[in-house]
Amino acid sequence: MASIDGDGLRFNVLGPLEAWADGVRLELGGPIQRRVLATLLLDAGHMLPVPRLMEAAWGEDPPATGAHQIRKSVANLRRRIPEGGQVLVTDGSGYTAVVTPAQLDLHEFTGRLDQCKELAASGQPREAAEALRAGLALWRGPALSGLDGLVIEAATVLLEERHMAAVERYFELRLSLGETAELVSELRGHVGRFPLRETLCGQLMLALYRSGRRAEALDEYGKVRERLVEKLGIDPGPALGRLYEDMLREHPSLAAPAPLEPPSKAAPPAPPTAAPADPPRNLPYDLADFVGRERELRQITASARKQGQRTRIVALDGMGGSGKTSLAVRAAHQLADEFPDGQLYIDLRGHTPDEQPVTTATALEILLRDARVPEERIPDDLPGRAAVWQSELSGKRMLILLDNAVDVAVVIGLLPRSPGCLVIVTSRARLLDLDGAKWISIGVMAPEESTSLVAEVLGAERTAAEPPEAAELVRLCGHLPLALRIAAARLRNRPSWSLRYMVERLRDETYKLDELNSGERGVATTLRLSYQGLTADCRSAFLLLSFHPGRAVDVFSAAALLGLDVRETEDRLEKLLDAHLLQQPEVGLYVYHDLVRSFARSLDDRMPTKNGPAAAMRLVDYYLAATEAACAVLFPGRSERPTGLPRSAASLPRFSQADDAQAWFAREDATLVSVIGLAERESLDRHVVFLIRNLAFYLNLRGSLQEFARVSRTAVAAARRIGDAGLLSICLSNLGVACWKLGLQDEGVSAAREGRDLAVAADDRPTQAHSEGALGLHESMRGQFDQALGHLEAAVALERELGTPRAEAESLTVLSALYEQWGRYEEAADTARRAIALIRQTGRHETALVALTDLALAQVGMGDLAAAESSLGEARAMYDERTDPGQAAVTLALSAILAHHRGDAKVCGEHTDQAQILVERSTSPLRQAKVKNMLGRLFGACGDHDKALSLHVQAYQVASAIGYRMEEAHALSGMAMAARARGDELTAVTHRAAAEVLFTDLGVPESRRRAPEPFQVAGFTAR
C-alpha cells in the first residue's frame, strides 16, 4: 500500500486512523489529539471552528479549558507531522486540514467512485468494476475504528453506508458482466459480515440461481427472512420478495447475460438434472429464540392430529404483531414428520405493506411450483390450476401453511380434498366463512413468557441485571411479541443502553410507537394495515373510542361517545373485536391493548378536533344521567337536587335492583374519576359538581374515604368557579363529612360551617340540616358533646320538618353514637330504634348496618346482651364484600365480644380474625381507633395482656393524632389495665390518671367509665 511502501505523507481513515511519512508510522498522541485530527481529515479542505472540534473531542460536555486544549492538541500534532504547519493550517477562528488526493485514502476512494460512474456511463462496465475494486481495496476495516464520540460516529456511519453501497454496486457490475459462480464465495463473505443487507443477499441468491443452484438460492431467502424476523421483527422487503417469486417461477429475466468476452475454454455441458428424491419442503426457518406459547402449541398439534374424513384445518387469528406466523411455523416444524409427502408455505400477503393480497390463481401457481410440478403442466387458467393442484395432492399427506390470509375465498380455493392433509391458516381477523376450521385466538404473551423472550433475544445476563426494569419493559410493550422483539433488538444493538434507559424512552407516550419501530414492520405499521382494512364507519369508531377516558368501555358509554344507538354501536364494537383492534375481557366490555390505544391516538387522520368537544359533552352527559339513575336505585329517598342541565339522550343501563347499581358503580368508579377530569378540562363545572355528588354517595358507602375527600375538594373548587352559593354549600357540606371520616377536623369544621352559613343565606334547609349534622360529627369527635348535641338535634328537627326520612335516619344514627360515647345508653338505644324504623320505612339505607350496630352497643351498655345478640345477628346478615370494611369491623368486633361472653371460643376467634383483617383495610382512623380499643379490651379479658397493650397503644396513636378524645381516653384506660396485669403499677397509675382527666373533661359519669358487662368475664381465648 502507498501508506507503507510509498514516499511522502499519507493519512488513512478507512480503517484505524494512521499517519505515515516515508514508510514510517507516525505517533499521533492521545485520544483527544486523534479525535481532532480525524475530524479535520474527514472534512479536509474546509475550516472547522474550535467549538466544532471541542464537540468532537468531548461531546456535549467539554471542559472549561476546552478551547485551550484544542489549540494545544493542534500544536502537538503539527510537531508530530512533517511540515505539520502546512497540513494543519490556522484558518480564521478554526483550523483546516490541507491534503492532496494522494495523501488521504478517503480522497482516493472518492476519486475511484467518480471514475466508476464515468466508466459505467460511457459503456465500460468491466473498467468501472475494476475502478471500484481498486477503491474498495483501500478499506482496512470500519472507518476510524477505535475512535468514539458523537461527531466521529455520525461521520463513520455515513462512510460505512458509502462503503456498502460501493460493494453492492461492485457486485452489480460483475453480475451484469455475466459472472456467476465465481462471485458466490465473495458474496457469502460479505453477507456473513452484513447479514441484514437485503441487496447483498439478493445478489448472492442471483449468483447461486445463475450457477444452477436454484435450491440453495431459495434456501438463502429463507435464511435472510429468518434473520430479519429474529433481529428486527420484520419480513424481507418487496424487492427481495419479488426476486424470490421470480425464482420460483423461473422467470426468464433472471437468466445471466451473455459474457462480453468469450471464455478461453469451452465449458463442458452440464449433466442432466436428476429428479428430486426428497419431498418438497419450503417452510420458513423455525426461530432459534422462539419461547413460550406452550398451551397454544398443544392446541394446534392436538387439533392437527385428529383423524377424520376431511382435510384438517387449524386457523390462528390475532392482532398484528402477536406472533401468529412464528407460532404457526414452530407448530408446522413439530408436525413435519407426520406429513411425509411434503410441507408447503405461502405468504398470502393479506397485510403486507405496499403489496396487494395474492390471488387464488397466483397462489396456486406458486404452490404448484413449490410442489415441483413441471412448468409445462401448470395451466394458465384458474380452473385448470385448481384441478392440477387437487390431482397433485390426491392420496398424499401434506402440510400446507397459508400465512397472512385476508380473503376466505382464496383460502377455500387452496384447500386440499385429501383427508390426509393438514392446512394451517393465519389471519388477523377470524375468517368466519371458513367452515370446519378449528380456530385458536392468539393473544399477547403471559408476563413470564414475555420476560423469557426478552432474555432470549437480549441475553439472560443483561435481563437478570435489572429485573424490575425488565418487568416494566415487557409491561410497556404490552406483552406483544413484535414490540418485545423490537425493543430487545434495539437494546442488543446498543450495549451502552441500560434497560432503565429504554424503559424511560418507552414511558414517553408521544414517542412510544417510534421506539417500537424498525424498518417496514414496526408496531404502528402493523396496526395501520389492520386499521386500513376497516370500513370507514369502523375507522371512525376506532379513532373516537380511543379518547374514552376509562380503561374498559361498555356499549352504553360507547354509544354516547359515538352519538349512535346501542345496537349500531355494538355492531361496530364487534367488528373491531373481530379485527383484533379491541379486546373483550368479559361480555359487554371492550378494551384497547395499550399499544393499540397509543396507535389510535397517534394517527394523522384522526377525527377533526372540532368533534372532540361534542363527543366529550355527550360522554359527560351520559355518565351524569347514568350515575343519577344508579343512585336512585341504590340510595332510595335521597333528596333530589335539580342539575339545571339538559338530560342526556343516550340509552342507559338498566338497574332493576340495588345490586345492579352497586356492581355498575364498582366497575365504573375509576372511569368516573377520569370522566370528572375530562369535565374539568372541558370547563363543564356544573357537570363536575353533580357527578361528584353522585360518586360521593358510592365512595362513602364503600369506605373509599381518601377518594371521597379528594373529589369533594374538586367539587368545592368547581362550585366556586360557577359562583352558585347553593351548589357550593352542598359541596362544602359533603367535604365536611369526608374530613370527619378521615379525622381532618380543622378542614372539616371550616367546610361545614361555611356550608351551613351559605345554606342559611340561600334558605336551603336540606343542606343546612346536612351541615348541622356534619358539625355535630366533628364536635362529637372532639369530645364537645353538648355542642355536638345541639347541632345534631337541630339537624334532626329540620329533617323531620322537611319530611326527609332518609336524611333524618342518618342524623339519628349519628346522634345515637353520640349518646353511646357519652354513656347515655338508654337514650342511645331509643335514638337507634327511631333510626332503624325510618330506615325500614325507606326500604333500603346504607346506614342500616351502622344503626343496628349502634343499637347493639347501647344494649351492651345497658346489660341487655340477648337483645344485643339479636341486633348484631341482623347487622351481620347485611354484611358482604362491598360493605365499608371499617364499619363491618366494628360489627364483628362487638360480635366477638359477645361470643366471648357466652363462652363460644370458636365463633369468638372467627369474628376476631375477621375484624382484625377488615380494620387494617379501613381508611377511617375513627373506625381503626374504636375497633382496636374494642379488640384490646377483648384480648385483655382473655388474658393476652401483651396483645391488649399493643392494640390500645395503636388506638391511642390514631386517636390522639386526629383529636378523637373519647377513644383516646378508652385507649389510655386499656393501656392502664394491661400495664397493671403485666405488673407495671407505675405505668398503670400514670395511664389511668390521664384517662380520668379526659373522661372528666368529656363529662362521662364515673359509673360509666369502666368496661361494660361482657368484659367482666375472663377465661376464654380469642385469636
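Guide: For charge counts, Lys and Arg are positive and Asp and Glu negative, while His and the chain ends are left out. Each charge is placed at NZ of Lys, CZ of Arg, CG of Asp or CD of Glu. On that basis the chain has 117 positive and 137 negative side chains, with the centres of the two sets 1 Å apart. The model is predicted: local features need pLDDT of at least 70, side-chain atom pairs need 80 or more, and totals for chains, interfaces and linings use all residues. Numbering runs from 1 along each chain as its sequence is written, and side-chain values use heavy atoms, without hydrogens or water.

The chain holds 46 helices and 13 strands (DSSP runs, H or I of at least four residues and E of at least two, numbered from the N terminus). Buried residues make up 54% of its 1023 residues; buried means under 20% relative accessible area, exposed over 50%, partly exposed in between, with a 1.4 Å probe and protein chains only.

Now the loops. Arg 349 sits between strand E8 (343–347) and helix H15 (360–370). Its phi is near 55°, positive in a residue other than glycine. Arg 349 counts as buried because its relative accessibility is 13%.

His 580 lies in the loop from helix H27 (566–578) to strand E13 (589–591). His 580 is not a glycine, yet its phi is positive, about 60°. With a relative accessible area of 15%, His 580 is buried.
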